[in-house]
Amino acid sequence: MNGKHVAVLMGGFSSERPVSLSSGAACADALEAAGYRVTRIDVDRNVAETLAALRPDVAFNALHGPFGEDGTIQGVLEYLEIPYTHSGVLASALAMDKAQAKHVAAASGIPVADAQVMDRHAFGPKHPMKPPYVVKPVSEGSSFGVVIVQEDQSHPPQVVTSSEWRYGDRIMVERYVAGRELTCGVMGDKALGVTEIIPQGHAFYDYDSKYVKGGSRHVIPAQISPNIYQKIQTLALKAHQAIGCRGVSRSDFRFDDSSSAEGELIWLEINTQPGMTPTSLVPEMAAHAGYSFGEFLSWMVEDASCLR
């Protein structure tokens with residue numbers, strides 16, 4: 001028995017609360033099975049008081065979305081001097097801002113798609129860039145608010161300026177990159193395997209594709225040429241290091257090999273709090289590398305620290 005007291009932070013109050021509850025429950029169960037003493041915390045606005053009273057040895061961060069992965073809860077944990085998993089304050093905040101993360105990635109020589117950041121209210125009757133393009137909130141995860149504008153669409157998507165939009169006013173308009181959806185996790189200083197995501201019955205890898213059973217098919221190792229496979233691993237590790245991530249991260253890519261043999265490989269974004277549900281990608285990558293779910297989570301707990 002390990003005996004280390006681990007507080008698993010889950011739930012929270014972002015759009016991704018249901019995903020976090022699922023991730024957190026799976027992690028808490030596996031950590032208990034691995035011999036840790038586990039306290040499950042459904043995070044609310046009193047989380048600092050709860051943690052200060054509990055004083056766990058480690059906080060396992062299973063939160064997703066704003067507050068959980070944007071540097072906020074990381075700052076609380078730094079203040080309380082409780083070691084925690086995943087990335088620190090700066091890397092978390094930077095990765096959550098897709099536009100800023102792209103700037104850092106591009107400056108490190110990582111290929112990214114042309115994009116511009118604008119206020120959603122500035123969307124007029126004309127396209128902000130030649131279609132096809134993608135509209136996405138600057139600071140959301142799990143594909144919330146992502147809209148793909150097709151080549152034959154005569155005007156910008158009206159949902160972006162509607163009162164129903166719940167994802168903030170800053171949006172990013174990005175050139176649409178056709179092709180295959182590929183992703184690669186990083187564990188410490190090592191890139192894991194590359195997975196191809198094939199959505200089943202969905203136009204792209206949206207929320208349901210990610211979290212509904214049967215919503216997507218994961219192929220690991222991805223059936224691509226060895227040089228592209230290795231290039232993705234190299235770029236995933238480079239992005240992890242450039243943004244200053246710690247512990248575990250996952251980078252997403254598009255690979256279009258329709259026009260040439262070499263194809264076009266584009267880095268889309270990095271996720272510092274990858275899902276830990278039964279259908280999640282990074283636990284599958286860790287299993288492919290020989291780690292059981294319990295071993296993988298134990299590594300994360302032992303890797304936890306402050307001042308990350």
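**Strands, sheets and helices**

Guide: Strands β5 and β6 form an antiparallel pair, joined over three bridges. Keep in mind that this is a predicted model.

Visitor: What makes β5 and β6 a pair?
Guide: Pairing requires at least two bridges between the strands. β5 and β6 have three bridges, so by the cut-off of at least two they count as paired. Within this pairing, Y133 is found opposite V149 in β6.

Visitor: How do you know that β5 also pairs with β7?
Guide: Strand β5 (residues 133-137) and strand β7 (residues 170-175) are linked by five bridges and run antiparallel. The requirement is at least two bridges, so the pairing holds. Here Y133 stands opposite R175 in β7.

Visitor: What is the strand order in the open sheet of four strands?
Guide: The order is β4-β7-β5-β6, and the pairing is antiparallel.

Visitor: Why are β4 and β6 said to stand at the edges?
Guide: β4 (115-119) and β6 (147-149) each have a single partner strand, so one side of each has no neighbour in the sheet. On average, neighbouring strands of this sheet are turned by 25° against each other, direction ignored.

Visitor: Why is β5 called mostly covered?
Guide: A residue is buried when its relative accessible area is under 20%. Five of the five residues in β5 are buried. Y133, V135 and P137 point one way, V134 and K136 point the other way, and all are buried. In a regular strand, side chains alternate between the two faces of the sheet.

Visitor: Which strands does α5 lie across?
Guide: α5 lies across β4, β5 and β7, at about 45° to β7.

Visitor: Why is α4 called roughly perpendicular to α5?
Guide: The axes of helix α4 (residues 89-96) and helix α5 (residues 98-107) cross at roughly 105° and come within 5 Å. Angles from 65 to 115 degrees count as roughly perpendicular, and that makes α4 roughly perpendicular to α5. The contact involves L94, A95 and M96 of α4 with K98, Q100, A101 and V104 of α5. By class, these residues are five nonpolar, one polar and one charged.

Visitor: How is the packing of α2 and α3 described?
Guide: Two packed helices are described by the angle between their axes and the distance between the axes. For helix α2 (residues 47-54) and helix α3 (residues 72-80), the axes come within 11 Å and cross at roughly 35°. The contact is built from V47, A48, L51 and A52 of α2 and I73, V76, L77 and L80 of α3. It has eight nonpolar residues, with no polar and no charged ones.

Visitor: What is the handedness of the crossing of α2 and α3?
Guide: α2 passes α3 in a right-handed crossing.

Visitor: What makes β2 and β3 edge strands in the sheet of three strands?
Guide: That open sheet has the order β2-β1-β3 with parallel pairing. β2 (37-42) and β3 (58-61) each have a single partner strand, so one side of each is left without a neighbour in the sheet.

Visitor: How do you know that β1 and β2 pair?
Guide: Strand β1 (residues 5-10) and β2 share six bridges in the parallel sense. The cut-off is at least two, so they count as paired. L9 stands opposite I41 in β2. Helix α1 (residues 17-33) packs on this sheet, touching β1, β2 and β3, and its direction makes about 170° with that of β2.

Notes. Residues numbered from 1 in each chain as written. Predicted model: local features only at pLDDT ≥ 70, side-chain atom pairs only at ≥ 80, totals over all residues. Heavy atoms only, no water. Axes fitted to C-alpha atoms, helices over the stretch in contact; angles between N-to-C directions. Left-handed = near helix turned anticlockwise from the far one by under 90°. Contact = heavy atoms within 4.5 Å. Nonpolar A, V, L, I, M, F, W, Y, C, P; charged D, E, K, R; others polar. Parallel < 35°, antiparallel > 145°, perpendicular 65-115°, else oblique. Buried < 20%, exposed > 50% of the residue type's maximum accessible area, 1.4 Å probe, protein only.
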